Amino acid sequence: MTGIRNKPGGRPAKSRIDKQNRVVSTKLTELQFYAIRKRAGEAGLRVSEYVRQAVVSAEVTPRLNRQDADTIRRLAGEANNINQLAHRANAGGFALVAVELVKLKNRIVEIINRLSDDWKNKKGKRI
């Protein structure tokens, strides 16, 4: 008796790396599903192939580490100081707050420099 493997012709067997034998399932809302289906159709792909390509080429933005989060909070706190100086400048003139503005700018630059390079160099910076 000859098995299928012994028959000549046909497509060669895929290598172990090329075989798609792992399944990842997830739940989507109706809106998410239809959005993926629409994009796949626009790309001329089946939904499964579209998702495969999206997974491989996706760029995930990691969460801020604790140090960067604290630094961002400090930076946001400086916004209050900017607001206070703006009120004083409107009331009494810019010359009265010019020195304080320079000091504030230096503090803000120092805070930004404390952020990790990973956070500062992200695409689509949020600052």
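Among contacts in the chain between residues at least 6 apart in sequence, 53% join residues at least 24 apart; contact means heavy atoms within 4.5 Å. This is a predicted model, where local features need pLDDT of at least 70, side-chain atom pairs count only at pLDDT 80 or more, and totals for chains, interfaces and linings use all residues. Residues are numbered from 1 along each chain as its sequence is written, and side-chain values use heavy atoms, with hydrogens and water left out.

**Overall make-up**

- The chain holds 5 helices and 0 strands. Helices (H or I, at least four residues) and strands (E, at least two) are DSSP runs, numbered from the N terminus.
- Along the sequence the pattern reads α-α-α-α-α.
- Of the 127 residues, 11% count as buried. Buried means under 20% relative accessible area, exposed over 50%, and partly exposed in between (1.4 Å probe, protein chains only).
- The chain has an accessible surface of about 11500 Å². Carbon and sulfur atoms account for 54% of that surface. The areas come from the Shrake-Rupley method with a 1.4 Å probe, and for residues only the protein chains shown count as cover.

- In soluble globular proteins, nonpolar side chains tend to be buried together.
- Ile-108 contacts Leu-75, Glu-78 and Ile-82, leaving aside neighbours within four places in sequence.

**Helix H3**

- The 27 residues of H3 should span 39 Å at 1.5 Å a residue, and the end C-alpha atoms are 40 Å apart, which agrees. The expected span is 1.5 Å times one less than the number of residues.
- At the start of H3, a side-chain oxygen of Asn-65 comes within 3.2 Å of the backbone nitrogen of Gln-67.
- Buried residues in H3 are Asp-68, Ala-69, Thr-71, Leu-75, Glu-78, Leu-85 and Ala-89.
- Gly-93 follows H3, and its phi is positive, near 105°.

- Glu-78 lies in helix H3. Its relative accessibility is 10%, so Glu-78 counts as buried.
- Leaving aside neighbours within four places in sequence, Glu-78 is in contact with Leu-104, Arg-107, Ile-108 and Ile-111.
- Thr-71 also has its place in helix H3. Thr-71 is buried, at a relative accessible area of 8%.
- Not counting residues up to four places away in sequence, Thr-71 touches Ile-111, Arg-114 and Leu-115.
- Thr-71 and Leu-115 are 44 residues apart along the chain, yet their C-alpha atoms are separated by 6.6 Å.

**Helix H1 and Ala-40**

- The 14 residues of H1 should span 20 Å at 1.5 Å a residue. The end C-alpha atoms of H1 are 20 Å apart, which agrees.
- Ala-40 sits in helix H1 (residues 30-43). Ala-40 is buried, with a relative accessible area of 0%.
- Ala-40 touches Leu-45, Arg-46, Val-47 and Tyr-50, not counting residues up to four places away in sequence.
- Just after H1, Gly-44 takes a positive phi of about 75°.

**The aromatic pair**

- The count comes to 1 aromatic pair. Rings of Phe, Tyr and Trp (its six-membered ring) pair if their centres lie within 6.5 Å; planes under 30 degrees apart count as stacked, over 60 as edge-to-face and the rest as tilted.
- The rings of Phe-33 and Tyr-34 have centres 5.4 Å apart and planes at 70°, so the pair is edge-to-face.
- Phe-33 is partly exposed, at 33% relative accessible area. Tyr-34 is partly exposed too, at 43% relative accessibility.

Terms used. A polar contact is a pair of N or O atoms within 3.5 Å; within protein, one must be able to donate a hydrogen and the other to accept it, and residues adjacent in sequence count only if both atoms are side-chain atoms.
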